[in-house]
Amino acid sequence: MMAFINTMLPEQAEVKDRADELLSLCKQAIADCSTVKPTLDSLDKLRFKQRGSKTNKSQLKSLYNQALNEAEQQKATLMAALEKVSEIRALEYRIRSLVGPKSFRRGVLMSVLQENAKSIPLWVGKPGESPPALCGAIGPSPNIAADPGDHVAALVPEPDVVAAACNLSEGCILAEVVSYNTDKAIYEVEDVDAEEGKMRYTLPRSKVIPLPKWKANPVTHPEAIFKKGTTVLALYPQTTCFYKAIVDEIPTHVHDEYSLYFEDSSYPEGYAPAIRIPQRYIIECPANESMTSKNLDSSKKRGK
């Protein structure tokens, strides 16, 4: 045990510290919830009791202000917890960079990608504040590059059946940013599909699209949700490739996923049956048609 501790990287110790801090914040969030609930119950009882009679505005106002203050405290705790999650992810990327890439079997990789989609934080802004770049359907900022460790959709040389089936010399894959050269506006990215061999590509910024970092709330920020009928680029299930699709149904709740029709020439209508895809893996379809493989038979999709 001592030998393990002595060889532990400083970043690994930091991960443990951040995890302990995250646990404390989660416990605090539960305590905050327990604090605000009695206030809300008292507020509801007062409103019900005084329904139809003269309302004690002073008492109501006092309870409203108390509930708002307690809710703000709860929000601050949750935001601090999300910040700890971001710090842990950054540390984990640094550890991977130091110890080398870890290979996953395809089934494990698919599970990791699904969990990644579920774990992206929900963006919560102040009243009247607009969603930031990379929140739901909001695209990336032209002035800010993706960070090392970020997942992106990358247009890379793809000399396999996927590209050959569409007469393309490139394919759009899920990749991880290794570095970015600001002077040359060039990314170095790595294919996430370890089973097919770790491949690194040097690409201009125009061929790299960062994925959403925040989940959009369709109730409070519908402008950050793709509209029905929109053509998008989405990660096809059980693969690490992006393909064109049409939005069939949009999320109506924070936990909902999109329903998409992927273009597929093997079906008479030209589209496969609707499939549920999370916000994390849906981006705006670029004007450049070569960013995606059109009318692709499902049997030829990478990973099938």
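The side chains of Glu87 and Lys84 are joined by a salt bridge with an N to O distance of 3.6 Å, a salt bridge being a side-chain nitrogen of Lys or Arg within 4 Å of a carboxyl oxygen of Asp or Glu. The two residues lie 3 positions apart in helix 3 (residues 57-99) and are therefore separated by about one helical turn; helices (H or I, at least four residues) and strands (E, at least two) are DSSP runs, numbered from the N terminus. Lys84 is buried at a relative accessible area of 19%, whereas Glu87, at 24%, is partly exposed, where buried means under 20% relative accessible area, exposed over 50% and partly exposed in between (1.4 Å probe, protein chains only).

The model is predicted, and local features need pLDDT of at least 70, side-chain atom pairs count only at pLDDT 80 or more, and totals for chains, interfaces and linings use all residues. Residues are numbered from 1 along each chain as its sequence is written, and side-chain values use heavy atoms, with hydrogens and water left out. The mean pLDDT (the predictor's confidence in each residue, from 0 to 100) is 83 for the chain, with 82% of its residues at 70 or more. Over residues 161-169 the pLDDT stays under 50, although the model has 20 contacts for this stretch beyond four places in sequence, a contact being heavy atoms within 4.5 Å.

The chain has 5 helices and 10 strands, and 40% of its 304 residues count as buried. The largest nonpolar core, with 46 residues, has Val152, Val189, Phe242, Leu260, Phe262 and Ile282 as the members with the most contacts inside it; such a core is a set of buried Ala, Val, Leu, Ile, Met, Phe, Trp, Tyr and Cys residues joined through side-chain atoms within 4.5 Å. Strand 2 (residues 170-181) contributes 5 residues, the largest share of this core. A second, separate core of 7 residues includes Leu22, Ala81, Leu91 and Ile95.

Among the 13 salt bridges counted, one connects Asp248 and Lys228 at 3.6 Å, N to O, and links distant parts of the chain, with Asp248 in strand 7 (residues 242-249) and Lys228 in the loop between strand 5 (208-210) and strand 6 (231-235), 20 residues apart. Here Asp248 is buried, with a relative accessible area of 12%, while Lys228 is exposed at 58%. Salt bridges with shared partners also join Glu14, Arg18, Glu21, Lys84 and Glu87 into one network.
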